[in-house]
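Please keep the sequence and the structure in view while reading.

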Amino acid sequence: MPIDSWHNPGTTDPMQTDTQTSLRIGGLTPLTSVDYPGELAAVVYCRGCPWRCPYCHNADLQDPNQPSEPTWLEVLDFLERRRGLLDALVFTGGEPTAQRPLGNAMAEVRALGFKVGLHTGGPYPERLTQLLPLMDWAGLDIKALPEDYPLVTGVPGAQAWQSLRLLLDAGIDLEVRTTPMPGLDAPAYLDRLSRRLADVGVRRWALQQCRHVGTGGEHVDLPIPRRLAESDADIVAATGRFERFVLRAA
Ligand code: SF4
């Protein structure tokens, strides 16, 4: 599938060809204690993403057409050998929900006795609805206020906020994460964003420092990211709005 057809999930079905039966993966982290709160997990990095955030730290995963390394069968074999040692597998990306085989893969992980975590930006709310029964925990990236998504991803952001509503209504164990794009990280802006998240019912919010290096590279005109500090007034205010708030370093 040509890469251009991935850019706008609102107009083009971004799923890979009907003949694709296995996830295309760009990497595996065999053990982490930070990607699924409270659980020992492995992480698979799924290929493909419909968005092109200028500060993307996983730009090498955006192309869905690269071969799977490792293959999904190799991941299953790895999990078989980690029974009793790992609690969960987390699907991240790229954008995992961009791949049609994700549901089957999640079900296979569950069948092996592992919990399933999902990192997503929420570009496909309809597909997320089908995946809800297959996940135990989700980390949802909310990149900006909905009206500002075109500045970050190049497409409208209603889908991400719709996905947030779905996850909240389904009662999925959820952490919302925001890595503010440089230029959309001023105190007044993040204060509005944290208010909006709290107002819609988010209880756990992680604000993550954006790195200045390791980005997509083609957009070198981004300003220097704001250095977020726990003493900043907007961050102090956010601390009081959520059941759990964390400021994560880069
Ligand atoms: S930051 Fe995430 S959503 Fe944005 S282009 Fe990179 S992988 Fe896709």
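**The ligand shell and the fold around it**

The shell around the ligand is made up of four nonpolar, five polar and two charged residues, where Ala, Val, Leu, Ile, Met, Phe, Trp, Tyr, Cys and Pro count as nonpolar, Asp, Glu, Lys and Arg as charged, and the others, Gly among them, as polar. Its members are C49, W51, R52, C53, C56, N58, Q62, G93, G94, E95 and G121, each with its C-beta atom, placed from the backbone, within 6 Å of the ligand. The model is predicted: local features need pLDDT of at least 70 and side-chain atom pairs count only at pLDDT 80 or more, while totals for chains, interfaces and linings use all residues. Residues are numbered from 1 along each chain as its sequence is written.

Two of the shell residues, G93 and G94, are joined by a cis peptide bond with omega of about 15°. G94 belongs to the loop between β3 (88-92) and α2 (102-111). A cis bond also links E69 and P70, with omega of about 5°, and P70 is in the loop between β2 (41-46) and α1 (72-81). Most peptide bonds, by contrast, are trans.

The chain contains seven helices and eight strands, taken as DSSP runs (H or I, at least four residues, for helices; E, at least two, for strands) numbered from the N terminus. The eight strands form an open, mixed sheet in the order β1-β2-β3-β4-β5-β6-β7-β8, two strands being paired if DSSP finds at least two bridges between them. Because β1 (25-32) and β8 (244-248) stand at the edges with a single partner strand each, one side of each has no neighbour in the sheet. Strand β7 (residues 204-208) runs parallel to β8 and is joined to it by five bridges; L207 has L247 as its bridge partner in β8.

Helix α1 lies across β1, β2 and β3, at about 10° to β1; axes are lines fitted to C-alpha atoms, for helices over the stretch in contact, and angles run from 0 to 180 degrees between N-to-C directions.

The largest nonpolar core has 55 residues, of which A41, V44, A88, L89 and V116 touch the most other members. Such a core is a set of buried Ala, Val, Leu, Ile, Met, Phe, Trp, Tyr and Cys residues joined through C-beta atoms within 7 Å, and a residue is buried if 20 or more other C-beta atoms lie within 10 Å of its own. Strand β2 supplies the largest share of this core, six residues.

Conventions
Buried ≥ 20, exposed ≤ 12 C-beta atoms within 10 Å, placed from the backbone. Contact = placed C-beta atoms within 7 Å.
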